[in-house]
Amino acid sequence: MTPNPITGTVLDDIIAGVIEDMDARKAITPLSRMQQLAADVSPARDAHAALVGGRDNPDGVGIIAEVKRASPSAGPLANIGSPADLAAQYATGGASAISVLTEQRRFNGSLADFDAVRARVDIPLLRKDFTVDEYQIYETRAHDADIVLLIVAALDDAQLRDYLALTHELGMHALVETHTVEEIERAAAVDASIVGVNVRNLKTLEVDTSHYGTLADRLPDSVIRIAESGVKEASDVAMYAAQGADAVLVGEALVRHGEPTQAITDFRQASRS
């Protein structure tokens, strides 16, 4: 078993807060009740089908458009008055899926934001948070999410395997996020079918887009490849597409764009060239 590699990093601090906030929610809604709520929700939408074939899609790679209010590296990003309205613009622009930040301390997100988006759009939704307990997976399904984020750097091998299995048991898919060659190998070892390569170093928060191609080339051809971080303009999406990305997750560039619907259209068009 690979030990949990988190030691005194930004990620370590974020997860400490995530656990504290989760424990507060558990005190209100215990695991047994959350499991019942998860079982009562309509079946999850097929995120795999929504994202597959991006490299061969004549309309360009898929875009996972993110509702993101703030980040540890950039601070406040945008005053999002209505997450639902923003998500509707993303859907109109042709987003394959929408990601909603729910971590509250560093990203100023919430499950209320997620619920507002879910009520407005019917495409696959990713709950973007730091999953470190099975409770969060049931909670994610209970809020009618379709995709769970599993960050390899935050989990040991047993957790990664068990949480991925639970995600599938609940009918959802997981975006398994990696940052290094070792994490790519660990994702492959549990047969992750949707793998994100995040070019942001979670220890320093620095971004290096040149890492994407090197890491993604180590993934099996059968895996859906998601490029994460580093997108500022359409040319960045085109770069990731040229390196084999099936979809690109974009947050900051969209929430700061005055016309997010047009931005998504432009991103997809750029990825075709």
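User: How many helices and strands are there in the protein chain?
Analyst: This is a predicted model, in which local features need pLDDT of at least 70 and side-chain atom pairs count only at pLDDT 80 or more, while totals for chains, interfaces and linings use all residues. Residues are numbered from 1 along each chain as its sequence is written, and side-chain values use heavy atoms, with hydrogens and water left out. Helices (H or I, at least four residues) and strands (E, at least two) are DSSP runs, numbered from the N terminus. The protein chain has 12 helices and 10 strands.

User: What is the radius of gyration of the protein chain, and why does the chain count as compact as a globular protein of that length?
Analyst: The radius is taken over C-alpha atoms, and the globule rule is 2.2 Å times the number of residues to the power 0.38. For 273 residues the rule gives 19 Å, and the value for the chain is close to that, so the chain is as compact as a globular protein of that length. The radius of gyration is 17 Å.

User: What percentage of the residues of the protein chain count as buried?
Analyst: Buried means under 20% relative accessible area, exposed over 50%, and partly exposed in between (1.4 Å probe, protein chains only). Of the 273 residues, the buried share is 55%.

User: What percentage of the contacts with a separation of 6 or more is between residues 24 or more positions apart?
Analyst: A contact means heavy atoms within 4.5 Å. Among contacts in the protein chain with a separation of 6 or more, residues 24 or more positions apart account for 68%.

User: Which residues touch the most other members of the largest nonpolar core?
Analyst: A nonpolar core is a set of buried Ala, Val, Leu, Ile, Met, Phe, Trp, Tyr and Cys residues joined through side-chain atoms within 4.5 Å. The largest one has 61 residues, and its largest share, four residues, comes from helix α7 (residues 157-169). A second, separate core of 25 residues includes Phe 107 and Ala 247. In the largest core, the members asked for are Tyr 90, Ile 98 and Val 248.

User: Is Met 22 buried or exposed?
Analyst: Met 22 lies in helix α1 (residues 10-28). Not counting residues up to four places away in sequence, Met 22 touches Asp 133, Tyr 135 and Gln 136. Its relative accessibility is 2%, so Met 22 is buried.

User: Where is Thr 178 found?
Analyst: With residues up to four places away in sequence left out, Thr 178 touches several residues, including Val 152, Glu 183 and Asn 198. Thr 178 has 0% relative accessibility and therefore counts as buried. Thr 178 is found in strand β7 (residues 173-178).

User: Where does Asp 144 lie?
Analyst: Most residues other than glycine have a negative phi. Phi of Asp 144 is near 65 degrees, a positive value in a residue other than glycine. At 15% relative accessibility, Asp 144 counts as buried. Asp 144 lies in the loop between α6 (134-142) and β6 (147-151).

User: Is Asp 191 buried or exposed?
Analyst: Asp 191 also has a positive phi, near 60 degrees. Asp 191 is placed in the loop between α8 (181-189) and β8 (194-198). Its relative accessible area is 62%, so Asp 191 is exposed.
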